[in-house]
Amino acid sequence: MSKIFIHDNFLLESTIAEQLYHQVACKLPIIDYHNHINPQFLLGINSFENIFQLWLRDDPYKHRAMRILGVNEQLITGNSSDKEKFLQWSKVLPKTIGNPLFHWSCLELKRFFGIDEILSENNAEDIWVRCNKIIQNNQFNIVELLKRMNVEVLCTSDDLLDNLKIHQSATEFAKTITVKPSLRADSLFSFDKHWIVKLSQQTNINIESLESYKKAIQQKLDLFDNAGCIMSDHSLDSGFIFISTKEHDADKIFKQIIKGETISTQEKIVLNSYLLDYLGQEYASRDWSMQLHIGAKRDTNSLLRIKIGSAGGYASLGDSQSISSLIGFLDGLSLKRKLPKTILFNLNPADNAKFATLMGSFPKEGVSGNLQFGPAWWYNDHYQGNINQLTDFANYGIFGSFIGMTTDSRSILSFSRHEYFRRILCNQLGIWVTKGHVPADFEMLKEIVEGVSYKNINNWLYKKYENEN
């Protein structure tokens, strides 16, 4: 019989790594501060009929892998049956060795369904039946899965116009899990006519100027605040440029948009810069944290964008980011004493050192890790990418201040990635011990693991600080 792949000491290569994981890391709760889970899933209603709907339907990582192998789109997002799509994925998974999808998928099947076999074309029918039997069990629901993973706080990504009452309902249903909204602010920068009309209708504010737009936004931010929101999120794609802008100049451009006039690329940058600075100040005033996801190149394949939408798993790394614009944005807020606690997620690994060194550029008295070099994100969230992020964080910052991993996923099953990260974390500390780079002091290392896995993000999100920026 072949050895079980996901065994107790998976990825743990030393005794100290095993001790740190089994005695410390695996017992800690999870605070997932950034994901794209639909909060409707958390109301106790089992809305998944089979393993495809739960595991594959909303996962662009897996869709991307299938497209790379030339799978027909009908068998990915098209009209083929759920079972046909699952069987097609079973042919793909064995070929993903070396990609994080292989580790993640094996963990997901093991932790949520107790399946030790590697999914393949040979056992797909059997695993389809076994998983579906578990899913159709009356005791199978999403909240119970999250409790099994020891999830304590879950922050979803929500548009400014979304209904936030569901988060309170989900929290009341889950009892031991707090479900919080976080503001995904991208729609505010799209200046889509239909979206602005909806904002006007929901706030009863006639939006005809930048000032009225801001008033409507403020009203919605207050609702987010009352619903327990403590974080915002911005996607600053490849080529992000920030220009310090006066309100008068931004207002002129905004009025052109309201009139239906076309604005230039430079005018869009000016307006975006003003709005981003304004929102940063609003977040600081509310004691929210700000996430900046920087460096994606999303407009790659126009045909796929038309066919399957804007988030289909076909984006790429963007060019290396100009650090001057990022510094200009952060420094402007700092000068106003309005820089919120901030996480920088970068997609281009060539920017790791630039982003990581900024942790020392914008400190705040009384705050540990005021500006964070965020966890390995998107294409960097593989085995080596996590190691690179951990070592770069340590080399350029203070390792003990890191706030740890988040799923950034639409899939409930992806919460097993916290285990993946914690195993890599403990193993990396074990490697440093083995090489003699750090002392074999279990109590000291235990404190680091507790902080990075749980305590740091808990303190970072919830601790109130008396000192101003």
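**Getting to know this fold**

Q: In S9, which residue is the bridge partner of Ile343?
A: This is a predicted model, where local features need pLDDT of at least 70, side-chain atom pairs count only at pLDDT 80 or more, and totals for chains, interfaces and linings use all residues. Residues are numbered from 1 along each chain as its sequence is written, and side-chain values use heavy atoms, leaving out hydrogens and water. Strand S8 (residues 342-346) pairs with S9 in the parallel sense over three bridges, where pairing needs at least two DSSP bridges between the strands. In S9, Ile343 finds its bridge partner in Gln372.

Q: In what order do the seven strands of the open sheet stand?
A: The names come from DSSP runs numbered from the N terminus, with at least four residues (H or I) for a helix and at least two (E) for a strand. At the edges are strand S1 (30-32) and strand S9 (371-373), each of which pairs on one side only. The twist averages 20 degrees from one strand to the next. The pairing is parallel, and the order is S1-S2-S3-S4-S5-S8-S9.

Q: How many of the residues in S4 are buried?
A: Buried means under 20% relative accessible area, while exposed is over 50% and partly exposed is in between (1.4 Å probe, protein chains only). Met231, Asp233 and Ser235 point one way from S4, Ser232, His234 and Leu236 point the other way, and all are buried. S4 is mostly covered, and its buried residues number six of six.

Q: Which residue in S5 stands opposite Asp233?
A: On one side, S3 and S4 pair in the parallel sense over two bridges, and Arg184 has Asp233 as its bridge partner in S4. S4 and S5 also pair in the parallel sense, over six bridges. In S5, the residue opposite Asp233 is Gln291.

Q: At roughly what angle do the axes of H17 and H18 cross?
A: Two packed helices are described by the angle between their axes and the distance between the axes. Axes here are lines fitted to C-alpha atoms, for helices over the stretch in contact, and angles run from 0 to 180 degrees between N-to-C directions. Helix H17 (residues 417-434) and helix H18 (residues 442-462) have axes that come within 11 Å and cross at roughly 150 degrees.

Q: What is the direction of H17 and H18 relative to each other, roughly parallel or roughly antiparallel?
A: The cut-offs are under 35 degrees for roughly parallel, over 145 for roughly antiparallel and 65 to 115 for roughly perpendicular, with the rest oblique. H17 and H18 are therefore roughly antiparallel.

Q: How many nonpolar residues make up the contact of H17 with H18?
A: Contact means heavy atoms within 4.5 Å. It is made by Phe421, Arg422, Leu425, Cys426, Leu429 and Val433 of H17 and by Leu445, Ile448, Val449, Val452 and Ser453 of H18. Ala, Val, Leu, Ile, Met, Phe, Trp, Tyr, Cys and Pro count as nonpolar, Asp, Glu, Lys and Arg as charged, and the others, Gly among them, as polar. Besides one polar and one charged residue, the nonpolar residues number nine.

Q: What is the relative accessibility of Ser453?
A: Ser453 sits in helix H18. Leaving aside neighbours within four places in sequence, Ser453 is in contact with Ala25, Leu28, Pro29, Arg422 and Leu425. Ser453 counts as buried because its relative accessibility is 8%.

Q: At about what angle does H14 run to S5?
A: Two helices that lie across the sheet can be described here. H18 lies across S1, S2, S3, S4, S5, S8 and S9, running at about 50 degrees to S1. Helix H14 (residues 323-335) lies across strand S5 (289-294), S8 and S9, and its angle to S5 is about 170 degrees.

Q: What is the relative accessible area of Phe191?
A: Phe191 is found in the loop between S3 and helix H9 (193-203). Phi of Phe191 is near 55 degrees, a positive value in a residue other than glycine. Phe191 is buried, with a relative accessible area of 9%.

Q: Near what value is phi of Asp408?
A: Asp408 lies in the loop between helix H16 (383-396) and H17. Asp408 is buried, with a relative accessible area of 14%. Phi of this residue, which is not glycine, is positive and near 50 degrees.
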